[in-house]
Amino acid sequence: MTTIASHPTPAPLDTSEATLRQQPTIPPSDISNECCLVQIYPPDVVEGMLLLEQDEFQIGRSPDSDLPLFDGSVSRQHAKLIREQDGYLIRDLGSTNGTMVNESTIQSDHTLESGDTVRIGSFLFRFLSADSIETQYHETVYNALTRDALTGAMNKRFLMEAIDRELSRSTRANLEMAVIMLDIDHFKSVNDTHGHLVGDDVLRTFGQRIQALCRADDLLARYGGEEFCLLLAATGRQDAMEIAERCRATIADTPFQTSIGPLEITASFGISVLNPNQPSTVKALLQDADQHLYNAKNAGRNQVCG
C-alpha cells in the first residue's frame, strides 16, 4: 500500500488521536491508474489520500491494519475493502458501530462507486475510482476547503469571506441583511450521555434540516462545534425572525433519529440585522447576534431572540 500521509489529526470533538500511516507523499498526477480513499472528516483531504493497490485492504483500530485508525469509535478489525474485477467492494467485519456508505449502514458486501462516502466510526472518507481520480480529487479538495463534511454546511472560513462581501454589497446598495447564530441546546450532554457518534448523528441531521429550509441565496455555515450561522442577504428583521422561528420549529417538533433511537433536540437563535444607514462591521454583526443567542439561552433555550 502507498499512502499520502496525514499528520496526527484529532477526530471530531477531540476524542481521537488517530493518524494515517506515515508514508512518502505522492502527487495526484501520479495516481491516475489507481483507486483511492480520501479522508474528508476530520479534515485532512490534501494529505489524507490512500492508494488502494492490494487485493484486500483492512481498516481498524489494530496497528496491524492497512489503515489503522486509533479511535474508540473504530473496532480493532472494522471493515475490509476487497478488489473486484471492476473496482472494490467493502465488507463490515462485525464492527461495534457498523460501516456506512453514503450514510446508510451496510448489511452485506457493498460495491463502491466513485464518489461514495465511507464512514468508519468518526471518520469519513470518499472513494474515488481510477477513471475519475483527477477530476473528483480536485472537486473533493475544493469542497473540503469550503464545506463541513459532517453537516453539509459551509465552513467558518467560507462564511467569514461571504459575510464580508455581503456587508459591502448591502451597504453600497442600501439594503438590510441578517445574521442568525444557531446553537444546539444541551449538546454537551448528548455527547456525554450517548457518545460522540450519536452527537455526530445530531449534528448531521441538524445541518440537513436547516439547509432544507434555506432559500436559494441563504448561506448556512458551521461556526464551530454545535454552533451554526445563517447569512440572509436582503433580509430585514421581521423576515429574519420568521425564518429563525421556522428553523426552531423544524428542530424541536420532530425527534432526531440516531443510532440509539430518537432524541428530542432543541436549538436557540440570536439575530442581528444590518441597518444600511448605520455603518457596521462583520465583527459587530456577529457579536450582536451572539449576544442575542446568549439571551435566548438565558431565557430558557428553544427560542428566538433578536
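Select A234 to start. A234 sits in the loop between β15 and α5. Helices here are DSSP runs of H or I with at least four residues, strands are runs of E with at least two, and both are numbered from the N terminus. Phi of A234 is near 50°, a positive value in a residue other than glycine. This is a predicted model, where local features need pLDDT of at least 70, side-chain atom pairs count only at pLDDT 80 or more, and totals for chains, interfaces and linings use all residues. Residues are numbered from 1 along each chain as its sequence is written, and side-chain values use heavy atoms, with hydrogens and water left out.

Now go to H186. It lies in the loop between β13 and α3 (187-194). H186 also has a positive phi, about 55°, although it is not a glycine.

**The sheet with β13 and β15**

Select β13 (residues 177-184) and β15 (residues 227-233). These strands run antiparallel and are joined by 7 bridges. Two strands count as paired if DSSP finds at least two bridges between them.

Axes are lines fitted to C-alpha atoms, for helices over the stretch in contact, and angles run from 0 to 180 degrees between N-to-C directions.

**Two helices that cross**

Select α4 (residues 196-213) and α5 (residues 237-252). Two packed helices are described by the angle between their axes and the distance between the axes. The axes of α4 and α5 come within 10 Å and cross at roughly 140°. α4 and α5 are therefore oblique to each other. Angles under 35 degrees count as roughly parallel, over 145 as roughly antiparallel, 65 to 115 as roughly perpendicular, and the rest as oblique.

Show side chains here. F206, R209, I210 and L213 in α4 meet R246, C247, T250 and I251 in α5. Contact means heavy atoms within 4.5 Å. By class, the contact of α4 with α5 has 5 nonpolar, 1 polar and 2 charged residues. Ala, Val, Leu, Ile, Met, Phe, Trp, Tyr, Cys and Pro count as nonpolar, Asp, Glu, Lys and Arg as charged, and the others, Gly among them, as polar.

Jump to β2 (residues 35-41). 7 of its 7 residues are buried, so β2 is largely enclosed by the rest of the structure. Buried means under 20% relative accessible area, exposed over 50%, and partly exposed in between (1.4 Å probe, protein chains only).

β2 and β3 pair in the antiparallel sense over 4 bridges. L37 stands opposite L50 in β3, and V38 has M49 as its bridge partner there. Colour β3 by face. M49 and L51 on one side are buried, as are L50 and L52 on the other. In a regular strand the side chains alternate between the two faces of the sheet.

Between β2 and β3, stop at P42, which is in the loop. The peptide bond from Y41 to P42 is cis, with omega near 0°.

Q39 stands opposite F125 in β12.

Follow the chain to S129, in the loop between β12 and α1 (133-146). S129 is buried, with a relative accessible area of 14%. Leaving aside neighbours within four places in sequence, S129 is in contact with E34, C35 and S114.

**The sheet with β7 and β10**

Select the open sheet of 5 strands ordered β5-β4-β6-β7-β10, with mixed pairing. β5 (67-68) and β10 stand at the edges with a single partner strand each, so one side of each is left without a neighbour in the sheet. β7 (residues 87-92) and β10 pair in the antiparallel sense over 2 bridges. L89 has T111 in β10 as its bridge partner.

Last stop: I106, in the loop between β9 (104-105) and β10 (110-111). Is I106 buried or exposed? I106 is buried, with a relative accessible area of 10%. Leaving aside neighbours within four places in sequence, I106 is in contact with I90, R91, D92, T99 and V101.
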